[in-house]
Amino acid sequence: MDDYQTCPKCKTTKYRNPAMVLMVNACGHALCESCVELLFAKGSGACPECKCPLRRNNFRVQLFEDPAVDKEVDIRKRILKEFNKRQEDFPTLREYNDYLEEVETIIFNLVFDIDPTNTNKMIDNYKKENKDITQKNRNRQSQEEMELEELLEAEKAQQSEKANLYVNAELEEKKQKHKAREKLIDELMFSDADAKSIVASHVQATAALAKEQPKAAAQPSSGVVKSSKFSSGIQIGLRGQHTNSFLPIPKQEDLPLYRYTAPVFDYDGPPPPPIEKLGKLNYFANIRAANIAERAGGYTEAMSCCRALQEALGGLFYSPQLTHKTAVLATNSSTQDTDDMETT
Amino acid sequence: MFATSTQRHFWMFKDETDVSNARLSANIKYISSRGRNMTVIEREAHFLNVIEEKSLIMSYEYQLRDFCRKFHPPMPRYVIGTALHYLKRFYVNNSVMDYPPKEILVTCVYLACKVEEFNVSMDQFVGNLKGDREKAAAIILNNELLLMQQLDYQLTVHNPFRPLEGLMIDMKTRFPTFSDPERLRPGIDEFLEQVFYTDAILIYSPSQISLAAIIHSASTSKENVDEYITKILFSEDQKRLLNLIEAVKKIRVMVRNVQLPHRDTIKALEKKLALCCNPDNNSESPAFKKRMKQSFDEEESFEDGQYPSASSDQVRSMLMGLSEMGKI
C-alpha cells in the first residue's frame, strides 16, 4: 500500500524506497523527506502544488494516507486548543450542540478554504469573549492530565516494588540454602557424631525450613503504602482540589417541598373491603388456605382474596362507551367510500 | 384492573351496532381496495359481506374452542378466553378475506399462551396440530408480529373468570342466606362459554358479564339472587343499579341469541372465501410462495402487511413442503 503513494515532486523515488516517509505541510500537500530537504536547501519555501509560502518547521510526518485528512487533523488540533469548552459549561444540551456546530463549521471552512476572512474573524471574536473560560478549562485539563500521570506513576511504582520483593525473596532463599550447606559441611568436618545421623538431621532441618518459606512468602508484603488521605479525611494531592470547589455552589430555586399524596384508585364499582379487614369479615372461610410452602414464600390468602374481590367489584358501574379507534374513523371514511362506489 | 386497563380505554364499544360498524368499515376497505374494477353487483357476488364474515368468524371461534379443549397439556379457561378476545379484536379491525382465519386462530392461541404465562414450547404446541408441523410453526411465527401489531400491542386481557371467583367468595361471605352458591357453577360455566361467541366482551366489563352469568344460572335453577345485588352490592348507589340491570339484561339477550351457523353454509362460505381472499397473505397461494422465494434469494425488504420472520431454513422447508403437496 505504501508503494502507491508517490511524492508529487520527484515521483520516482517513492516507488523505489518504501521506507521513504511522506511529510505533509500546512496547506495539505505531501512531499517526501528528501524533496523537503531539497526545497529548503535552496531556501525557496513554496509549495510545489499551490505555491503558498511554507516554513520548514511546518512539515510534519504524515500519519494518514490522505494528506487532506492530515491537514484537517492539524487544523482541528489547533482550533480545539482555543475552543475547549465542555458540556458542563452549557446550561442546556441545545446550546452545547450549537457550540459544537459552530466549531465544526469553523474547522470545515478552514480545511476547504471557504471564506477565510470571516472564519478568522469568528475565531478572533470567540477568543476575545471566552478568554477566561478557555484559560480555566485549560487549567482543568492540565490538572486532570497531571492526576492521570500521578495514577500511572503510582501503578508503576507498585509494579516495581512487587518485582523487587520477588527478587529479594529469591536472593534470600539462595542465601539460606548456601548457609545450610556450609553448616552441614562444618558439622561433618568438626563434630564427632556419626556422619549418617548428621546428614539425616540436616535433611530434616532443611525440610522444616522449606515448609516455613512458603508461609513467610504468603504473608502480605508490607511495602511502603502510599496514603491518599490525611487523618482528617482531606485527600492528599491534586485529586482533592477539583476546580468545582472554587466555583460558588449554584443557587437552587425555592421549589415547593414534596408532599406525599396517596394514590386514588377509581374502581368504577362498589368499593371492595380493604385488605386488612378481610380476616375480620370472615372472608377466609371461603377461600383455599395457603399451604406451608406458599406461606413461606410470602403469600397469604388475603392477597388472592383481595385481588378477586377487587376484580369482581371493579367495573360493575361501567356503562358502555365507544373507545375503539377505527369505529370513530369509520364514520368519516365510510362516507368517502360510498362516494367512490357511486362514481365507479 | 379493568378500570385502568387498555381494554377499557381502547377496545370497548357502545353497543352491537358499533361493533358491526367497525367490521363493516374493515370489510368495505378490503372490497374497495381489491375490487376496484368491478360493478356493485359483481362485488356482491365475489366478496363476502359483513354478515357472512360474522358467521365465518363464529365458526372459527368454535374451532378455536375445540382446538383448545383437546390441547395437551390441558389449557386453563382464561387462556382460551384471552385467545378468543384476540381473535375477536383482530377481526374487528381487519376483514376475514384479508388474512386467513385458520392461521390467525393458531397464532392467537399461541400468543395467548405466552401472555397468560401458560408455558408451552413451540414443539409441544404444534404437536397438537394436524399436518406439517414445521410449516405450522413457520406460519405461527410469521403471523405473531402481525397479530400483535393489529392488537396495538395491547395484550393484557381481563376475563370474567376472576371476577366470578370474587363474586362467589363475596356471596358466600356476605350473603349466607343463599345456601351453597357452588350449585350454580355448571350453569355459570355454560353461560360464560356462550358469552365468548357474542360481542358482549367488547361492550361490557368482565365483572358485569360474570354477574350476568350468576343471575342467569340462578334464574334457570329458579333461585333468586336479587337480594344480594340490591342490598349488598348496590346498597348505596340505586341509580347505578338500574344501569347494571340493563347491562345484565342485554348480555343475557345476546347469549340467548347465539346460534352456531349451519355446517353447509360454512362450507359454502369457505369456498367463496378461497376465491376472494388476499393472495399475498395466504400461504397457500402461488403469489405468496413466489414472494417468499424471492425474499429467500434476494433478501429484499417487504411492503406493508407481510412480516416473514422465518429463517431461510424454515422458508426452504416450507417451500419444499408446499411444492410437494401439489404442483401449483
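Start by selecting B:Arg162, which is partly exposed, with a relative accessible area of 34%. Keep in mind as you go that this is a predicted model.

**Stop 1: across the chains**

B:Arg162 forms a salt bridge with A:Glu311, and their closest N and O atoms are 3.0 Å apart. This pair crosses between chains: B:Arg162 sits in helix 9 (residues 161-174) of chain B, and A:Glu311 in helix 9 (residues 301-313) of chain A. Is A:Glu311 buried or exposed? A:Glu311 counts as buried, because its relative accessibility is 14%, under the 20% cut-off. Side chains of opposite charge can pair when their charged atoms come close.

**Stop 2: along one helix**

Move to chain A and select A:Arg76 together with A:Glu72. They form a salt bridge too, with 3.1 Å between the closest N and O atoms. Both residues belong to helix 3 (residues 67-82) of chain A, and they are 4 residues apart, about one turn of the helix. A:Arg76 is partly exposed at 26% relative accessibility, and A:Glu72 is partly exposed at 27%.

**Stop 3: between two helices of chain B**

Next, select B:Lys114 and B:Glu144. Their side chains meet in a salt bridge of 2.7 Å, N to O. The pair links distant parts of the chain, 30 residues apart: B:Lys114 is in helix 6 (residues 101-115) of chain B and B:Glu144 in helix 8 of chain B. B:Lys114 counts as partly exposed at 44% relative accessibility, whereas B:Glu144 counts as buried at 10%.

**Stop 4: a buried methionine**

Go back to helix 8 (residues 133-150) of chain B and pick B:Met148. B:Met148 is buried, with a relative accessible area of 17%. Leaving aside neighbours within four places in sequence, B:Met148 is in contact with B:Leu111, B:Tyr153 and B:Leu155. Show B:Tyr86 as well: 62 residues separate B:Tyr86 from B:Met148 along the chain, and their C-alpha atoms are 9.1 Å apart.

**Stop 5: a cavity**

The structure holds 4 cavities of 30 Å³ or more. To see its lining, select B:Arg23, B:Lys54, B:Ile57, B:Met58, B:Glu61, B:Lys88, B:Tyr197 and B:Asp199. Which helix gives the largest share of this lining? Helix 4 (residues 50-69) of chain B does, with 4 residues. The lining divides into 3 nonpolar, no polar and 5 charged residues.

Methods
Residues numbered from 1 in each chain as written. Chains lettered and ligands numbered in written order. Predicted model: local features only at pLDDT ≥ 70, side-chain atom pairs only at ≥ 80, totals over all residues. Heavy atoms only, no water. 1 Å grid on protein atoms, 1.4 Å probe; cavity = no way out; pocket = protein on both sides within 12 Å on 5 of 7 lines; lining within 4 Å. Points joined across faces, edges and corners; volume = space filled by probe spheres on them. Nonpolar A, V, L, I, M, F, W, Y, C, P; charged D, E, K, R; others polar. Buried < 20%, exposed > 50% of the residue type's maximum accessible area, 1.4 Å probe, protein only. Contact = heavy atoms within 4.5 Å. Salt bridge = Lys/Arg side-chain N within 4 Å of Asp/Glu carboxyl O.
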